Amino acid sequence: MNTVPASIPVLRWAAERAHLSDTALERSFRKWDLWLSGDALPTLKQLEDFARLTHTPIGYFFLPEPPALQLPIPDFRTRRDEALAEPSTALLDTLYLCQQRQDWYREYARIHGFARLEFVSSASEDVQPEQVADSMREVLGLSVAERRRLSTWTDALRQLISRAEDAGILVMASSIVGSNSHRKLDATEFRGFALVDDRAPLIFINASDSKAAQMFTIAHELAHIWSGESGVSDPEAGSVPKQGLERWCNRVAAELLMPMDALNETYDIDAPVADEIQRLAHLFKVSSLVALRRLFDAGFIDRDTLWLNYRQEVERIWALDRGTGGGDFYRTLAARTGKRFARAVFSSTLEGQTLFRDAFRMLGMRRTSTFYEAARVEGF
């Protein structure tokens with residue numbers, strides 16, 4: 001039986017990145033502890049199995065040290081105080097998949113003569129957030145009064161996604177990598193990212209987060225599209241990011257979702273802060289952290305009150321159930337890939353312009369029957 005000299009540091013690194021314990025690995029690889037001590041070597045078949053399990057390219061295991069992996073776009077994640085760890089395989093694979101989808105759609109848009117989107121890169125940090133938020137509402141056809149009439153945060157989220165897609169933005173929301181329900185995305189690592197392009201702007205939302213938090217993330221990533229700056233983010237309404245661009249995007253997002261004029265008209269000065277932020281969050285279909293931050297921005301509460309309630313709200317929110325990757329495949333496909341993107345792929349493939357093989361890869365499918373059923377569900 002042929003063995004291969006796999007790098008011990010890379011074996012440890014791959015296991016840690018995949019969040020696999022020694023106990024778990026020993027169940028699949030009986031000599032795992034001997035591999036780490038150098039007293040035994042894996043066979044090529046075992047190394048291939050380990051590479052698949054940890055989602056690591058097999059070539060990495062022949063390097064003396066783990067490679068230094070970096071995000072292919074700017075990293076604006078600033079929420080945690082500790083140093084950011086290198087990106088997980090889940091985040092990297094999601095980014096690469098979305099870049100492939102964007103590349104395909106950009107060519108599709110060019111072939112079909114779609115006009116360049118003028119709102120992309122139309123603003124900068126020098127522009128007042130209120131002005132940018134007004135531009136967004138005009139382009140997306142959004143109305144605060146209309147959103148306040150919606151019953152739930154889910155309805156508001158669907159409306160915001162639909163309006164963004166109608167404007168030409170690809171919006172993809174998922175809690176898993178591709179269509180693999182065993183590979184979960186972690187909201188503590190990232191909440192979303194934006195890939196700027198004037199024909200195929202793309203926003204990805206980590207759907208493992210709460211619906212209210214996803215609302216703010218989409219609004220934040222829309223600000224990135226308007227600014228012309230791609231990046232990975234972990235936006236949180238109550239935090240104050242170090243980067244100026246992220247602070248600006250947060251201010252734009254807050255103004256888009258909860259305009260100061262509307263807040264001044266609806267604020268109840270006599271209500272306890274804890275009760276008022278819940279009422280305002282329900283009224284505007286935002287998170288309680290957005291409502292809390294806006295009260296501070298408006299001067300209705302001081303900084304001590306802000307941070308006291310902020311800590312309490314963070315603890316309460318993280319105790320709640322988050323989103324999941326479950327659900328019917330055909331119903332969740334449009335959310336995971338974006339309805340605009342999925343319909344373009346169906347149309348192009350059925351017209352013979354895109355190979356089924358490529359369509360399967362971009363949509364996360366394996367069978368022709370699945371493709372045709374998904375196309376039928378979308379009205380093709």
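1. Strand S4 (residues 192–195) pairs with S5 in the antiparallel sense over four bridges, where strands are DSSP runs (E, at least two residues) numbered from the N terminus and two strands pair if DSSP finds at least two bridges between them. Six residues lie between S4 and S5 in the hairpin that they form, and Gly 192 has Ile 205 as its bridge partner in S5.

2. This is a predicted model, in which local features need pLDDT of at least 70, side-chain atom pairs count only at pLDDT 80 or more, and totals for chains, interfaces and linings use all residues. Residues are numbered from 1 along each chain as its sequence is written, and side-chain values use heavy atoms, with hydrogens and water left out.

3. S1 and strand S5 (residues 202–206) run parallel and are joined by five bridges, with Phe 204 of S5 as the bridge partner of Met 172.

4. The four strands make an open sheet with mixed pairing in the order S1-S5-S4-S6. Strand S1 (170–174) and strand S6 (231–233) stand at the edges with a single partner strand each, so one side of each is left without a neighbour in the sheet. From one strand to the next, the twist averages 15°, taken between axes that are lines fitted to C-alpha atoms, with angles running from 0 to 180 degrees between N-to-C directions.

5. Five of the five residues of S5 are buried, a term meaning under 20% relative accessible area, as against exposed at over 50% and partly exposed in between (1.4 Å probe, protein chains only). Both faces of S5 are covered, with Leu 202, Phe 204 and Asn 206 on one side and Ile 203 and Ile 205 on the other.
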